[in-house]
Amino acid sequence: MFEPNMLLAAMNNADSNNHNYNHEDNNNEGFLRDDEFDSANTKSGSENQEGGSGNDQDPLHPNQKKRYHRHTQLQIQEMEAFFKECPHPDDKQRKQLSRELGLEPLQVKFWFQNKRTQMKNHHERHENSHLRTENDKLRSDNIKYREALANASCPNCGGPTAIGEMSFDEHQLRLENARLREEIDRISAIAAKYVGKPVSNYPLMSPPPLPPRPLELGMGNFGGEAYGNNPTDLLKSITTPTEADKPVIIDLAVAAMEELMRMAQVDDSLWKSLVFDDEEYARTFPRGIGPRPAGFRSEASRETAVVIMNHVNIVEILMDVNQWSTIFAGMVSRAMTLAVLSTGVAGNFNGALQVMTAEFQVPSPLVPTRETYFARYCKQQGDGSWAVVDISLDSLQPNPPARCRRRASGCLIQEMPNGYSKVTWVEHVEVDDRGVHSLYKHMVSTGHAFGAKRWVAILDRQCERLASVMATNISSGEVGVITNQEGRRSMLKLAERMVISFCAGVSASTAHTWTTLSGTGAEDVRVMTRKSVDDPGRPPGIVLSAATSFWIPVPPKRVFDFLRDENSRNEWDILSNGGVVQEMAHIANGRDTGNCVSLLRVNSANSSQSNMLILQESCTDPTASFVIYAPVDIVAMNIVLNGGDPDYVALLPSGFAILPDGNANGGGDGGSLLTVAFQILVDSVPTAKLSLGSVATVNNLIACTIERIKASMSCETA
């Protein structure tokens with residue numbers, strides 16, 4: 001059973017075991033290093049220099065012959081066995097090995113580096129040998145066919161046939177022509193179907209089977225989960241495309257793909273000193289989706305990063321609306337696929353074309369969401385290279401969303417070794433930002449809110465998180481009370497649902513009906529209510545949500561560290577009643593030490609709260625940070641920690657979203673835009689009426705929390 005004393009005993013050494021995310025060292029930030037790809041050091045992993053790598057030079061004794069240390073057979077066997085389970089040990093694992101084997105940590109590190117290089121070379125030699133064998137077989141077959149053709153006779157006259165030699169260039173052109181003909185036939189077939197001409201043997205307009213999810217963490221389309229039928233909901237007014245629209249959509253998608261490939265080029269003339277040139281764009285792409293509407297401004301950005309995910313999995317996520325909205329929950333509040341015009345060819349998404357709607361958000365009720373109606377087109381650009389592009393279809397709607405038009409935006413995904421991918425993201429929109437609150441004007445106008453850097457940062461962070469979920473070399477001692485892999489997965493899945501619910505409920509989505517409170521002691525607090533009925537993931541009754549945003553002259557990193565630290569929680573958390581908060585379990589899921597899921601216990605003087613547990617996820621990237629938490633039942637958590645289904649654990653998440661204010665220049669860190677949000681069950685009867693007293697209580701709670709945070713942070717900066 002999940003008893004408090006067992007939790008305490010299991011977590012005595014929690015601080016020393018908190019960091020279990022695999023990384024090589026603090027300098028490589030989890031990315032691949034060039035020396036791991038191109039290292040010329042191919043010597044056997046069974047020997048190493050004593051205290052240094054084989055390429056090191058002694059600056060004091062350049063001519064002195066270096067001493068080598070040959071490992072014992074036992075040491076080699078132990079490291080070989082560990083290598084099979086974990087070829088990339090982290091710092092803690094290397095130190096543990098060095099103690100067990102009587103080696104220096106550097107010797108262990110260099111042995112594993114050399115072993116990885118040795119295995120890579122071995123695989124390459126094996127692959128080259130296989131390719132040589134195949135090549136010899138093909139060459140032999142080619143000679144055989146040439147001899148047969150030389151002796152062939154004409155069936156009409158019995159004389160020799162006249163067969164000319166085909167040059168290599170001609171052969172390549174024929175292959176290219178065949179590929180282009182297939183592409184033309186496919187697009188023509190789509191267009192022919194849309195204008196009513198018969199097309200045979202071409203599978204179109206059937207929804208694609210959902211691809212297998214790479215990581216079983218998705219929560220599905222959470223957009224319409226609980227908010228009422230708001231008459232101002234813009235996405236609900238968008239209709240599916242008509243038959244007459246479909247040829248237009250195809251033309252726009254193909255042109256947008258060409259535009260994206262041009263804009264993704266590093267040396268493109270459209271980006272002068274990394275700043276987008278609107279005039280050059282207008283000259284280069286005169287057609288597109290038409291001129292910019294009056295009152296709209298252009299916003300364009302580009303960002304490149306290497307992420308720890310296979311390129312095929314990234315494509316699958318982008319082309320599955322459920323996975324996409326889950327991975328980018330911090331940016332996508334709602335999304336839906338309206339029509340599938342093509343499912344692609346060859347069993348993948350090459351040539352897939354979808355019509356979608358989405359609502360893009362900032363985690364604050366003070367920034368209007370950006371509703372878009374667009375086509376998403378996916379195309380393979382070569383071996384290991386894919387591109388996915390979005391293009392706005394607002395012109396096809398009688399009453400299009402008024403605030404945002406999405407020009408060619410998307411990403412180029414290139415395969416890299418060892419399961420990594422290089423992603424180049426382009427965001428190009430035209431938007432009416434006049435509804436943005438003055439507090440967020442600068443952040444939005446500088447592209448920090450919706451730009452390419454934000455998309456790439458979220459993708460990179462989620463790839464880290466998902467890689468930690470798939471890790472299998474985690475010992476039970478490192479995850480506290482979670483003693484099995486299924487328990488670890490269940491806890492992370494529960495935390496994911498908590499984060500998604502928080503992000504979906506804190507923005508200014510047109511599906512929400514926010515009411516602004518005034519004259520009650522807290523400035524600009526928004527509240528809304530919703531009924532929870534027959535939802536196993538949320539307690540039944542009337543739920544009151546309250547949120548507000550404010551600026552604080554403290555860098556985001558310091559605010560994040562303060563809010564996530566259980567030792568400083570009693571400085572701002574009124575609900576803990578001043579009790580001591582103790583971390584009972586910890587799952588690290590990223591390079592940064594702040595990226596983790598924790599199970600906290602409040603040791604309160606009040607006996608009724610002595611067994612209260614808090615599930616918390618803290619996550620950070622260069623563009624945003626979150627500290628999200630929810631009280632959880634101890635019996636339900638016991639089931640989750642033993643691998644049970646987390647979907648039936650009732651959660652009401654509260655927490656903080658921390659964004660940079662966009663003023664970090666001249667080497668400074670700038671201030672922070674902090675959003676505080678609470679969800680409170682005010683009545684367990686879904687048909688009950690909301691009382692003014694409940695609203696006043698939540699309003700006072702949020703005001704007092706803000707006051708405490710400001711007081712604590714001002715003491716730190718004093």
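Contact is taken here to mean heavy atoms within 4.5 Å. The structure described is a predicted model, in which local features need a pLDDT of at least 70 and side-chain atom pairs count only at pLDDT 80 or more, whereas totals for chains, interfaces and linings use all residues. Residues are numbered from 1 along each chain as its sequence is written, and side-chain values use heavy atoms, with hydrogens and water left out.

The protein contains 16 helices and 21 strands, where helices (H or I, at least four residues) and strands (E, at least two) are DSSP runs numbered from the N terminus. Of the 718 residues in the protein, 51% are buried; buried means under 20% relative accessible area, exposed means over 50%, and partly exposed lies in between, with a 1.4 Å probe and protein chains only. Among contacts between residues at least 6 apart in sequence, 69% join residues at least 24 apart.

One such region can be followed through V682, a residue of strand β21. With a relative accessibility of 25%, V682 counts as partly exposed. When its neighbours within four places in sequence are left aside, V682 is in contact with I542, L544, L690 and S694. V682 and L544 are separated by 138 residues in sequence, yet their C-alpha atoms are 6.5 Å apart in space.

Strand β21 belongs to an open sheet of 9 strands, with antiparallel pairing and the order β13-β14-β15-β21-β20-β19-β18-β17-β16; two strands pair if DSSP finds at least two bridges between them. Strands β13 (515-517) and β16 (580-588) stand at the edges with a single partner strand each, so one side of each has no neighbour in the sheet. On average, neighbouring strands of this sheet are turned by 20° against each other, direction ignored. Within the sheet, strand β17 (residues 596-603) and strand β18 (residues 613-621) run antiparallel and are joined by 6 bridges, and L599 has L615 of β18 as its bridge partner.

Two helices meet this sheet. Helix α12 (residues 452-470) lies across β16, β17, β18 and β19 (624-632), and runs at about 130° to β18. Axes are lines fitted to C-alpha atoms, for helices over the stretch in contact, and angles run from 0 to 180 degrees between N-to-C directions. Helix α13 (residues 485-506) packs on the sheet and touches β14 (525-532), β15 (541-552), β16, β17, β18, β19, β20 (654-660) and β21 (672-683), while its direction makes about 70° with that of β18.

A search of the whole structure finds 9 cavities of 30 Å³ or more. On a 1 Å grid over the protein atoms alone, a cavity is a set of points where a 1.4 Å probe fits but cannot get out, and lining residues have an atom within 4 Å of a point; grid points are joined across faces, edges and corners, and a volume is the space filled by probe spheres set on the points. The largest cavity holds about 290 Å³ of space, and of the 20 residues that line it, I327, R461, Q462, V499 and C619 are the closest to its centre. Helices α10 (321-327), α12 and α13, together with strands β18 and β19, each supply at least two residues of this lining, the largest share, 5 residues, coming from α12.

Strand β9 (residues 385-392) runs antiparallel to β11 and is joined to it by 6 bridges, with W386 having I413 as its bridge partner in β11. Likewise, 6 bridges join β11 to the antiparallel strand β12 (residues 421-431), where C411 stands opposite W425. N418 lies in the loop between β11 and β12, and its phi is near 60°, a positive value in a residue other than glycine. Most residues other than glycine have a negative phi. At 57% relative accessibility, N418 counts as exposed.

Finally, the cysteines were examined. With a disulfide defined as a pair of cysteine sulfur atoms within 2.5 Å, the count comes to 0 disulfides. The sulfur of C411 is 8.9 Å from the closest cysteine sulfur, that of C378, which is too far for a bond. C619 is likewise in no disulfide, the nearest cysteine sulfur, in C503, being 7.5 Å away. C411 is buried at 2% relative accessibility, and C619 is buried with a relative accessible area of 13%.

Notes
On a 1 Å grid over the protein atoms alone, a cavity is a set of points where a 1.4 Å probe fits but cannot get out, and a pocket is an open set with protein on both sides within 12 Å along at least five of seven lines; lining residues have an atom within 4 Å of a point.
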